[in-house]
Amino acid sequence: MRRLEKASGRLATNAIQRMDETLSWYRRMPPEHRSWIGLVAQAGIAAFTEWFRHPDKPQAMSTDVFGTAPRELTRAVTLRQTVEMIRISIEVVEEAIDEVAAPGDEAGLREAVLVYARELAFATAQVYAQAAEARGAWDARLEALVVNALLSGDADEGVLSRAAALGWGSPAQVMVVMGNAPDGDSELVVEAIRRAARRARLHVLTGVLGSRLVVVVGGSMDPMHAARALIGQFAPGPVVVGPTVGDLLSATRSAQAASGALRSCGAWPDAPRPVLADDLLPERALAGDQAARQQLVEEIYIPLEEAGSALLETLSVYLEQASSLEGAARMLFVHPNTVRYRLRRVTDVTGYTPSDVRSAFTLRIALALGRLDAPRTQR
């Protein structure tokens, strides 16, 4: 014991010197971090001396060895690098066994070093596991704050900094996917979403907010493809995809559209899964979603009005005549081909086909909303 205690300082110095000679990443570290690593090496050898004195006494090895370093060191030094440092320190001690051990005690000391190295390996894993758990819990809370801010419309520059801290890049295409959250541990749900996103090479920020699972998706030019890659993690029920926007701050609009669409899905029982929030515009408008009402008026009614009264009149009559070309032609006193031509113009202007049942429903709601807004516009 006296020989070991006397040699502990020299062994720690030799270990640090060998790290400097063999580990390029150690030489590149700032002096402050290298000094902390030196203290850890000294504490590790001192802890071995104490452990060798009382091998059967329970000891908190992680505290004895790593307690001298600040918690931030686990961010500056990776687990792989820590394993390299421990290996070098153990090698230095093993090489000095013949010099340090009393005559005849070399085998016992060598066996003690091997047992201690095993215990130190477990202690190292525990330190990094605890740091990862703490960091994971903090990241989960931070991620939930970002998602909630987008959903509530309170997104600001602070959201960007929080998202950057979570590893969010700057994807050009961002959308929000929303549906029912499955039962069980929300952390497992979030981790399943992340795994699915990694397989699909998507950027995601996600969180379980009440009964809803909200996923902010970036990096996909096809919103439906991105939603299908993640849909297996949602509980049964509707899954809606908000409109694609250009950046994270604009995702507030996508999140609010998706939220309104999810509330309105009950009005369209046969909606596909997943479904675009814009495909639920009429249901959202009927449910009182002002953004959907405004979008229907601005994207359908106003363009038709600006294209000429003939289109509005023809579309209105055609819908009232149960989508009958001949009936609409009789009411308008024109040839059916004229009605057919005008309806093609309606499709060109709005993107909706009047002969399609779903499109006809959307067009009818848009006409009604436009007429309701017309008196206010005229005033």
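This is a predicted model: local features need pLDDT of at least 70, side-chain atom pairs count only at pLDDT 80 or more; totals for chains, interfaces and linings use all residues.
I started with the largest nonpolar core, which has 32 residues, and Ile37 and Phe48 have the most contacts inside it. A nonpolar core here is a set of buried Ala, Val, Leu, Ile, Met, Phe, Trp, Tyr and Cys residues joined through side-chain atoms within 4.5 Å. Buried means under 20% relative accessible area, exposed means over 50%, and partly exposed is in between (1.4 Å probe, protein chains only).

Residues are numbered from 1 along each chain as its sequence is written, and side-chain values use heavy atoms, with hydrogens and water left out.

**Entry 1: who builds the core?**
Helices (H or I, at least four residues) and strands (E, at least two) are DSSP runs, numbered from the N terminus.

Then I looked up what Ile37 touches, leaving out residues up to four places away in sequence. I found Ile16, Met19, Trp25, Tyr26, Met29, Val77 and Met85. Contact means heavy atoms within 4.5 Å. I also found a second, separate core of 29 residues, with Leu151, Ala163, Val240 and Ala257 among them.

**Entry 2: the whole chain.**
I noted 18 helices and 5 strands in the chain. Of its 379 residues, 44% are buried. I also looked at contacts with a separation of 6 or more, and 67% of them are between residues 24 or more positions apart.

**Entry 3: H1 against H6.**
Two packed helices are described by the angle between their axes and the distance between the axes. For H1 and H6, I have an angle of about 130° and axes 9 Å apart. So H1 is oblique to H6. The axes are lines fitted to C-alpha atoms, for helices over the stretch in contact, and angles run from 0 to 180 degrees between N-to-C directions. Angles under 35 degrees count as roughly parallel, over 145 as roughly antiparallel, 65 to 115 as roughly perpendicular, and the rest as oblique.

H1 passes H6 in a right-handed crossing. A crossing is right-handed if the near helix is turned clockwise from the far one by less than a right angle, and left-handed if anticlockwise. On the H1 side I listed Leu11, Asn14, Ala15, Arg18, Met19 and Thr22, and they meet Met85, Ile88, Ser89, Glu91, Val92, Val93 and Glu95 in H6. By class, this contact has 7 nonpolar, 3 polar and 3 charged residues. For the classes, Ala, Val, Leu, Ile, Met, Phe, Trp, Tyr, Cys and Pro count as nonpolar, Asp, Glu, Lys and Arg as charged, and the others, Gly among them, as polar.

**Entry 4: H15 against H16.**
Next I took H15 (residues 309-320) and H16 (residues 325-332), which pack at about 125° with axes 8 Å apart. That angle makes H15 oblique to H16. Their crossing is right-handed. Glu313, Thr314, Val317 and Tyr318 in H15 meet Leu325, Ala328, Met331 and Leu332 in H16. I sorted the contact residues into 6 nonpolar, 1 polar and 1 charged.

The loop between H15 and H16 holds Ser323. Ser323 has a positive phi of about 60°, although it is not a glycine. It counts as partly exposed because its relative accessibility is 33%.

I found another positive phi, near 60°, at Phe333, again a residue other than glycine. Phe333 is in the loop between H16 and H17 (336-350). With 76% relative accessibility, Phe333 counts as exposed.

**Entry 5: Ser259, buried or exposed?**
Ser259 is buried, because its relative accessibility is 8%. I located Ser259 in H12 (residues 251-264). Not counting residues up to four places away in sequence, Ser259 touches Leu151, Met178 and Arg212. Ser259 and Val177 are 82 residues apart in sequence, yet their C-alpha atoms are 9.2 Å apart in space.

**Entry 6: a cis bond.**
I looked up the bond joining Arg273 and Pro274, and it is a cis peptide bond with omega of about 5°. Pro274 is in the loop between H12 and strand S5 (275-276).
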